[in-house]
Amino acid sequence: MEEKRSWLTNSCSFVNVKPLMIEWPYPPIQVQEKNQAYANLLSNDYCGSVSELSAITQYINNENRISSEKCSMAKTILGIAMAEMMHLQKLGELIYLLGGNVDYTAKMQNGCSQMWTPKYLTIPENPRDMLIADIEAEKDAIRQYKMHIGMICDSAVNAVLARIIKDEEYHIILLQALMDELVEC
């Protein structure tokens, strides 16, 4: 008896997806001097509850869950995730140059530290709620970066953070456009 196989496939091709970021170059990744306090602040941007690691993980999860039904949206979300990966990499370099460790542990000002956890993520069930959560996460990241710029007296570090903010603002525009597309459907 011949066994019939049924294959489920995802026809969404991600071959030409590129990081979605503004077309401005990044400033050089450099610091004025080692500063553990600044490295600790950036560790929160790297892997805290509001962080690039959280953003990447949340975006990839959303992209995976919608790619078979909403390919265009999934490609945009993957492109944003790729830009967040670049931010993570730049923050890691800054942390290292400042004398910190890149170990997926966010260092708090009270001396405590917290290892990254998926509990930081918001994982809604439908695309609309995913986009709302992603937009809120981008806004939270911008607020945190601005706060850290106000706390860091290193123009080289702050220039990189300001450039990352520009990408985050662009991501909000892209996510809002996806929301508008959902409303039209």
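Which helix gives the most to the lining of the largest cavity? It is helix α4 (residues 127-151), with 3 residues; helices here are DSSP runs of H or I with at least four residues, numbered from the N terminus. The model is a predicted one, so local features need pLDDT of at least 70 and side-chain atom pairs count only at pLDDT 80 or more, while totals for chains, interfaces and linings use all residues. Residues are numbered from 1 along each chain as its sequence is written, and side-chain values use heavy atoms, with hydrogens and water left out.

On a 1 Å grid over the protein atoms alone, a cavity is a set of points where a 1.4 Å probe fits but cannot get out, and lining residues have an atom within 4 Å of a point. Grid points are joined across faces, edges and corners, and a volume is the space filled by probe spheres set on the points. The count comes to 1 cavity of 30 Å³ or more, and the largest cavity holds about 30 Å³ of space. Its lining is made up of Asp45, Val50, Ser51, Glu52, Ala141, Gln144 and Tyr145. Sorted by class, that makes 3 nonpolar, 2 polar and 2 charged residues, where Ala, Val, Leu, Ile, Met, Phe, Trp, Tyr, Cys and Pro count as nonpolar, Asp, Glu, Lys and Arg as charged, and the others, Gly among them, as polar.

Next comes the largest pocket, a pocket being an open set of points with protein on both sides within 12 Å along at least five of seven lines. The volume of the largest pocket is about 200 Å³. It is lined by 18 residues, and Ser49, Val50, Ser54, Gln58 and Ala137 are the closest to its centre. By class, the pocket lining has 7 nonpolar, 5 polar and 6 charged residues.

Helix α2 (residues 52-66) also carries Tyr59. With 2% relative accessibility, Tyr59 counts as buried, a label for anything under 20% relative accessible area; exposed is over 50% and partly exposed is in between (1.4 Å probe, protein chains only). Leaving aside neighbours within four places in sequence, Tyr59 is in contact (heavy atoms within 4.5 Å) with Ile77, Ile80, Ala81, Glu84, Asp134, Glu138 and Leu175. With Glu138, there is a side-chain to side-chain polar contact at 2.5 Å. For a polar contact, a pair of N or O atoms must lie within 3.5 Å; within protein, one must be able to donate a hydrogen and the other to accept it, and residues adjacent in sequence count only if both atoms are side-chain atoms.

On to the cysteines. The count comes to 1 disulfide, defined as a pair of cysteine sulfur atoms within 2.5 Å. The partners are Cys12 and Cys71, with sulfur atoms 2.1 Å apart. Cys12 sits in the segment before α1 (36-47) and Cys71 in helix α3 (residues 71-97), so the bond ties together parts that are 59 residues apart in sequence. The S-S torsion of Cys12 and Cys71 is about 80 degrees, so this disulfide is right-handed. Cys12 is buried at 7% relative accessibility, whereas Cys71 is partly exposed at 26%. As for Cys47, its sulfur is 15 Å from the closest cysteine sulfur, in Cys112, too far for a bond. Cys47 is buried at 1% relative accessible area, while Cys153 is exposed at 65%.

Conventions: Helix = DSSP H or I, 4+ residues; strand = E, 2+ residues; numbered from the N terminus.
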